[in-house]
Amino acid sequence: MNLSFSFIIPVYNRPSEIEELLESLLKQTYPKEFEVVVIEDGSTVPSKEVVASYEGQLNISYFQKPNSGPGDSRNFGMKNAKGNYFIVLDSDCILPPQYLEEAEKSLTQEFVHCYGGPDAAHSSFSDVQKAINYAMTSFLTTGGIRGRKDAVNIFQPRSFNMGISKEAFEATGGYGNIHPGEDPDLTIRIWEKGYETKLIPEAFVYHKRRIDWNKFYIQVRKFGMVRPILNKWHPTTAKLTYWFPTLFILFLLTSIGFAFLGFKAPLICVLIYFLVLFMDATVSTKSLKVGSMAVFATLVQFGGYGFGFLKSTFYTTFSSRTPEEIFPKLFFRT
């Protein structure tokens with residue numbers, strides 16, 4: 001395929017974020033022209049002036065629409081894009097200069113209709129951002145459940161950094177209205193249409209995740225809540241590993257209870273795990289402070305995801321209502 005890339009970027013009340021992303025697109029070493037499509041998803045703080053400042057420097061187009069969620073906005077952008085291969089990004093990402101070159105090189109060597117790239121922590125990130133990034137990407141946490149290099153054929157891309165061909169988009173109809181969870185749902189439907197996915201490790205982004213601890217907990221709790229819904233929609237993709245955060249938290253609480261009764265072995269096992277986590281995070285981030293915060297971030301991640309997963313599993317299993325009726329806040333009306 002003669003690749004023609006179009007970046008698809010929904011934005012909601014984040015003009016400063018989109019400016020950083022556009023600046024990184026301006027610095028791409030990719031020698032060919034590419035398109036940038038920005039979709040303003042019902043923002044009250046628009047990015048129109050920021051986008052306009054890049055006209056003439058980038059092949060950029062700007063659309064405004066009522067708020068209907070990131071999935072519907074991405075679909076809107078892909079319908080209006082001119083390229084034949086779409087790269088979906090979150091507005092809080094920054095691309096390294098070689099991103100597009102690496103994506104094209106990998107797709108030329110082994111073409112797939114959908115790929116995903118990892119996220120990394122930029123040196124300018126705050127300590128909280130670095131700690132959260134570690135918890136979200138490390139093999140020692142839930143980051144190890146997805147994204148292994150030896151599992152490229154079953155890799156589930158995430159829409160903060162996801163490539164999808166125009167053909168696959170049209171065959172699947174794009175993203176659904178669940179959020180979060182719209183990206184694994186689309187990936188599964190891409191598989192069902194016979195297309196393959198893969199991880200391109202070199203096509204990474206710096207994902208800033210501008211959230212505090214409370215927002216992070218809310219985010220990962222929602223991640224946990226949507227997974228049983230996806231398992232119900234696509235039962236063949238359900239995995240035992242999705243239970244890991246829930247089982248870990250239950251084991252932690254049980255271990256604390258046993259420790260009060262004098263049986264400390266289970267709690268010692270948990271503490272050893274946290275020690276290994278701390279050492280790995282400290283080495284990888286080169287910071288004792290971030291290493292300590294990464295342990296807390298992992299606890300927040302496991303707790304939020306685990307309890308959200310358990311709650312959603314109970315309701316989706318025993319309730320006769322649809323997921324949209326049980327958890328209306330997880331669905332956008334389009």
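**Strand pairing and aromatic contacts in the predicted model**

Asp-119 stands opposite Val-205, a residue of strand E10. The structure described here is a predicted model. Strand E10 covers residues 205-207 and pairs with E7 in the parallel sense, over two bridges. These two strands belong to an open sheet of three strands, in which the order is E5-E10-E7 and the pairing is mixed. The edges of the sheet are formed by strand E5 (93-94) and strand E7 (119-120); each has a single partner strand, so one side of each is left without a neighbour in the sheet.

Contacts between aromatic rings were then examined. A pair of aromatic rings is described by the distance of the centres and the angle of the planes. Over the whole structure, a search finds 23 aromatic pairs. In one of them, the ring centres of Phe-63 and Phe-76 are 5.5 Å apart and the planes stand at 75°; because an angle over 60 degrees counts as edge-to-face, the pair of Phe-63 and Phe-76 is assigned to that class. Phe-63 belongs to strand E3 (residues 59-65), whereas Phe-76 belongs to helix H3 (residues 70-80), so the contact ties together parts that are 13 residues apart in sequence. With a relative accessibility of 22%, Phe-63 counts as partly exposed. Phe-76 is also partly exposed, its relative accessible area being 27%.

An edge-to-face arrangement is found as well for Phe-244 and Phe-302, with 5.5 Å from centre to centre and 90° between the planes. This pair links distant parts of the chain: Phe-244 lies in helix H9 (residues 244-260) and Phe-302 in helix H11 (residues 288-318), and the two residues are 58 residues apart. The accessibility of each partner was also computed. Phe-244 has a relative accessibility of 36% and therefore counts as partly exposed. Phe-302, by contrast, has a relative accessible area of 0% and is therefore buried, since the term applies to values under 20%.

Aromatic residues also occur in a cluster and in contacts with charged side chains. One aromatic cluster is formed by Phe-5, Tyr-30, Tyr-85, Phe-111 and Tyr-115. Two arginine residues are placed over tyrosine rings. The charged end of Arg-74 sits over the ring of Tyr-175, at 5.0 Å from the ring centre. For Arg-227, the charged end sits over the ring of Tyr-242, and the distance to the centre of that ring is 4.1 Å.

Technical notes: Residues are numbered from 1 along each chain as its sequence is written. This is a predicted model: local features need pLDDT of at least 70, side-chain atom pairs count only at pLDDT 80 or more; totals for chains, interfaces and linings use all residues. Side-chain values use heavy atoms; hydrogens and water are left out. Rings of Phe, Tyr and Trp (its six-membered ring) pair if their centres lie within 6.5 Å; planes under 30 degrees apart count as stacked, over 60 as edge-to-face and the rest as tilted. Helices (H or I, at least four residues) and strands (E, at least two) are DSSP runs, numbered from the N terminus. Buried means under 20% relative accessible area, exposed over 50%, partly exposed in between (1.4 Å probe, protein chains only). A charge sits over a ring if NZ of Lys or CZ of Arg is within 6 Å of the ring centre and within 35 degrees of the ring normal. Two strands pair if DSSP finds at least two bridges between them.
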